[in-house]
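User: I would like to learn how to read the packing of helices and strands in a model. Could you take me through an example, giving the general idea before each case?

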Amino acid sequence: MEEFYQAIEEAIRMTGYKGPVDGEEIYDEICDEIEDKEPGAYVFMSKKTDDTFFEYKIQVFEDQFNLSSIDIHSLNQVYHADFD
């Protein structure tokens with residue numbers, strides 16, 4: 001799992017985003033949000049600070065999920081990390 005967490009962090013850093021990023025925290029947050037969700041496409045938003053929020057685009061399947069992308073909205077700028 002550590003490789004997956006690092007892959008999330010690396011993809012976000014590649015966007016130029018300089019704020020703190022924790023791949024394990026992002027993964028856990030997504031898992032909490034999708035618990036008991038029907039299969040389908042979802043967008044989840046997570047407020048990190050007063051001026052920063054993360055937008056997760058996720059495809060939920062019966063027993064797994066696919067993180068398609070993360071958009072980080074911070075100080076009138078959007079950083080996009082694509083995972084597909």
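User: Which residue stands opposite Phe65 in E3?

Analyst: Strands (E, at least two residues) and helices (H or I, at least four) are DSSP runs numbered from the N terminus, and two strands pair if DSSP finds at least two bridges between them. Here Val60 is the residue opposite Phe65 in E3, and E2 (residues 52-60) and E3 (residues 65-74) run antiparallel, joined by 9 bridges. This is a predicted model, in which local features need pLDDT of at least 70 and side-chain atom pairs count only at pLDDT 80 or more, whereas totals for chains, interfaces and linings use all residues. Residues are numbered from 1 along each chain as its sequence is written, and side-chain values use heavy atoms, with hydrogens and water left out.

User: How many strands form the sheet, and in what order?

Analyst: The open sheet has 4 strands in the order E1-E2-E3-E4, with antiparallel pairing; its edge strands, E1 (40-49) and E4 (77-82), each pair on one side only.

User: At what angle do H1 and H2 pack?

Analyst: Axes are lines fitted to C-alpha atoms, for helices over the stretch in contact, and angles run from 0 to 180 degrees between N-to-C directions. Angles under 35 degrees count as roughly parallel, over 145 as roughly antiparallel, 65 to 115 as roughly perpendicular and the rest as oblique. H1 (residues 2-13) and H2 (residues 23-34) pack at about 105°, with axes 7 Å apart, and are therefore roughly perpendicular to each other.

User: Which residues in H1 and H2 meet?

Analyst: Contact means heavy atoms within 4.5 Å; Phe4, Tyr5, Ile8, Glu9 and Ile12 in H1 meet Gly23, Glu24, Ile26 and Tyr27 in H2.
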